[in-house]
Amino acid sequence: MDDSQQQQPAALQPPKIPWRRDPAVRALFFQGALIAALLWAIVTVAGNTARNMEERGIKIGLHFFDDVAPFSIPLDFFPFWSFTLGESLYWEVFVIGVQNTIIISVFGIIGATALGFFVGVLRLSPNWLVAKFAAAYIEAFRNTPLLLQLLFWNFAVFLPLAPPPRQSWTLGESFILNKAGLYLPNPVLTGIGTVIFTVSAVAAIAAIIAMRKWAKKRQEETGKPFPLFFASLAVLIAAAVLALLFAGEQVSFEYAELKGLNYRGGARLPLIAFALWFGLTAYTAAFIAENVRGGIVAVAKGQSEAARSLGLHHGATLKLVVIPQAMRVIIPPTISQFLNLTKNSSLAVAIGYPEVVNVWAGISLNQTGQSLVIMAMTIGVYWVLSLLTSAALNYYNTRVQLRGR
Amino acid sequence: MAGAVFTPIAARPAPAATVGALGWVRANLLSSPINALLTLAALYFAWKVIPPSLDWLFFNATISGGTVAECKTAGEDGLIVDAPGACWTFVKVRFLQLMFGLYYSGNLDQVWRPVLMFALFVGLMIPLFVRSFRKKLLLGAFIVFGFPFVAYALVHGEWLGLPVADTDQWGGFMLTFFLASVGIVGALPLGILFALGRRSQMPVIRAFCIFYIEMWRAAPLITVLYMASNLLPLFFPSEVDFDKVARAMIGITLFQSAYTAEAIRGGLQALDRGQFEAADALGFGFWKKSGLVVLPQALKISIPGIVNSFIELFKDTTLVLIIGLFDLLNMAETASRSPEWKGYDLEAYVFTASVFFVFCFGMSKYSQALERKLHTGHAR
């Protein structure tokens with residue numbers, strides 16, 4: 001017995017691994033090989049690029065940024081940064097492109113979220129007819145290419161069907177749609193009005209935040225719920241009314257008016273931008289609707305049954321039990337859809353909306369031949385946007401997602 | 001008394017209002033006042049949309065003849081105006097061009113080549129759906145790795161000594177098909193490598209794979225195509241010359257490989273740890289472990305994911321329109337802008353959309369069915 005005990009460790013001693021089969025050595029070797037291959041590829045590509053650029057007589061660099069851009073950008077709508085032919089520089093073209101990408105993405109995200117939730121809920125409607133219509137919408141829009149849809153809306157629907165200014169489609173005096181685009185009233189603030197409105201908006205938001213805190217505390221202590229949504233709405237309306245009372249003369253809405261052949265004034269969204277917004281919204285909404293449906297279906301039936309047996313009525317069951325759990329499933333893929341929408345806005349190049357791919361990777365690249373710098377910057381824009389999106393996603397996941405056991 | 005037997009009364013039929021068509025209508029359309037209102041709204045919507053659409057698509061549509069005159073009619077004041085329905089004559093006349101591109105619609109004696117190519121493809125695909133067919137894996141491998149060469153030989157023609165149709169003369173649905181197929185076939189091996197690499201223990205390899213995958217996934221395909229058409233020629237010595245189609249194919253393949261890698265990573269993650277550990281315990285090395293134990297199971301789980309990313313790719317191939325290739329969409333657009341058929345772009349879009357819809361909808365239904373069928377308990 002003593003013998004065997006003494007021998008066992010020796011017998012179990014693993015045979016010595018030859019160095020070429022040692023995992024640590026192999027790992028070192030493969031990683032070294034990858035680094036060497038990458039270095040070789042980078043050096044070769046850089047050499048080829050330098051040679052090719054030289055042959056074409058293009059000097060890589062950022063010197064062209066301060067040159068005047070010798071072209072005009074389509075659509076004269078640049079809300080924050082405007083373009084002047086013969087004066088604007090290349091770097092301003094880039095800024096305008098990024099600005100327009102962000103504008104269309106933000107509006108597209110708002111529209112797609114609203115429409116997507118609406119269609120997603122309809123898809124689950126107990127009404128057979130309504131559910132089938134919603135399903136038809138989702139399948140039709142998900143299974144055809146976005147580019148085709150954008151071309152369709154722009155060239156087959158809005159451009160030929162939008163009426164000339166004199167026969168505009170109007171909704172009251174606020175919304176006017178014609179060949180030139182969509183006109184909305186433009187709020188005009190003058191003098192002290194700006195200050196009063198800013199102050200009242202800040203005060204209203206602060207009041208709502210304080211009220212939320214108080215309502216939560218009261219509910220935890222006494223169990224009495226507080227109609228937070230309606231109270232918040234009331235605060236907002238009260239703030240707006242008060243501000244109007246104090247600064248009524250300084251505030252006005254500038255409506256678009258028909259002057260001669262065209263509408264003037266108001267805020268104008270060119271028809272192409274409207275078509276792009278419409279197309280992106282309709283397309284992305286179909287995907288969001290599927291997320292919404294999946295999220296609601298994913299909440300186990302027992303959850304709502306348990307809530308009902310605790311005595312919660314239908315509305316409270318939805319609000320306190322089903323929707324909070326469904327949102328956990330809905331929000332992560334929906335945030336990815338927001339990123340997809342942002343990336344898809346680059347298809348606008350096909351219908352002439354001046355976003356970053358169109359004016360920077362398209363027009364500016366053709367004019368300057370600086371393909372390396374320009375492509376790197378264009379892709380860089382999307383990298384930054386995508387990093388921001390995943391940061392938002394991770395932040396949401398760590399805060400809201402169930403803690404894993 | 002002893003002889004009394006309990007005879008139950010036969011159950012009464014359910015109330016007429018809860019069964020049959022009437023019951024269905026009450027339960028599904030009129031269950032509450034709001035529901036009834038919704039039904040009314042939906043019926044009004046359907047009445048406004050469906051009959052005019054059907055009129056335009058079928059009842060008033062023209063498909064006869066071969067000239068634009070068939071689609072015109074005399075208006076009230078004697079002027080020639082467009083007929084009220086769709087002009088499918090346009091699609092009929094330009095059909096070969098929409099399917100196979102300008103080279104084949106111009107050389108009618110060569111049309112058999114793409115037709116044969118598609119017929120072969122369909123013929124090879126059919127056994128995959130036959131339950132009793134045993135060698136699905138072998139056939140599948142041939143379709144993925146062998147058939148592209150057959151297709152290229154047929155359509156390009158040089159290898160077979162046929163008249164050469166160079167890649168820049170390819171167009172229409174055929175080009176869409178080639179771009180998507182090359183994308184998915186080329187992306188598969190790359191995707192497997194990068195998915196395995198992303199789960200590797202070696203930090204440099206893992207970092208590189210994460211960077212590669214996220215780099216492509218963050219960029220929109222259109223910037224990738226711009227890059228392929230503008231930067232690719234710069235990266236190679238000037239003797240190496242890719243034509244436009246090849247550039248697009250390279251860009252699409254690299255782009256797609258990131259999405260394939262993510263789909264496969266999903267399969268790898270769904271696999272039980274025990275599988276990896278069992279392979280290790282058997283003393284398998286990396287390639288044996290991956291090839292014999294991990295990948296067969298992981299790929300099976302990730303097939304639906306791969307099919308879904310293929311559907312996205314199939315739709316996204318239309319983006320080559322922007323870099324000037326004549327895929328189905330661009331061909332339809334161009335045809336509807338030609339002097340003869342100017343103004344029939346709605347027909348062009350509707351036709352293209354229905355082609356894409358048939359394929360994408362079919363594939364997504366197939367992928368859903370596959371998902372149910374493959375759900376054999378491998379997933380955790």
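What follows is a short chat about the predicted model shown above.

Q: What ipTM and pTM does the predictor give the complex?
A: This is a predicted model, and the predictor gives the complex an ipTM of 0.89 and a pTM of 0.86. For chain B, the mean pLDDT is 88, with 98% of its residues at 70 or more.

Q: OK, and how many residues of chain B are in contact with chain A?
A: On the chain B side there are 42 residues, in contact with 46 residues of chain A. Several helices of chain B each supply at least two residues to that side, among them α2 (33-59), α15 (328-337) and α16 (345-374).

Q: Which of them gives the most?
A: That is α16(B), with 10 residues. By class, the side of chain B that touches chain A has 29 nonpolar, 10 polar and 3 charged residues.

Q: Switching to α12(A), which of its residues are buried?
A: They are A:Ser371, A:Ile374, A:Met375, A:Thr378, A:Ile379, A:Val381, A:Tyr382 and A:Ser386.

Q: And what covers them?
A: The cover includes α3 (90-123), α10 (314-344) and α11 (356-368) of chain A, together with α9 (203-218), α10 (221-230) and α11 (232-235) of chain B.

Q: Last one: how do the axes of α4(B) and α15(B) cross?
A: Their axes come within 9 Å and cross at roughly 105 degrees, which means that α4(B) is roughly perpendicular to α15(B). In this contact, B:Gln97, B:Leu98 and B:Gly101 of α4(B) meet B:Leu328, B:Met331, B:Ala332 and B:Ala335 of α15(B), and by class the contact has 5 nonpolar, 2 polar and no charged residues.

Note on methods:
Residues numbered from 1 in each chain as written. Chains lettered and ligands numbered in written order. Predicted model: local features only at pLDDT ≥ 70, side-chain atom pairs only at ≥ 80, totals over all residues. Buried ≥ 20, exposed ≤ 12 C-beta atoms within 10 Å, placed from the backbone. Helix = DSSP H or I, 4+ residues; strand = E, 2+ residues; numbered from the N terminus. Contact = placed C-beta atoms within 7 Å. Nonpolar A, V, L, I, M, F, W, Y, C, P; charged D, E, K, R; others polar. pLDDT = per-residue confidence, 0-100. Axes fitted to C-alpha atoms, helices over the stretch in contact; angles between N-to-C directions. Parallel < 35°, antiparallel > 145°, perpendicular 65-115°, else oblique.
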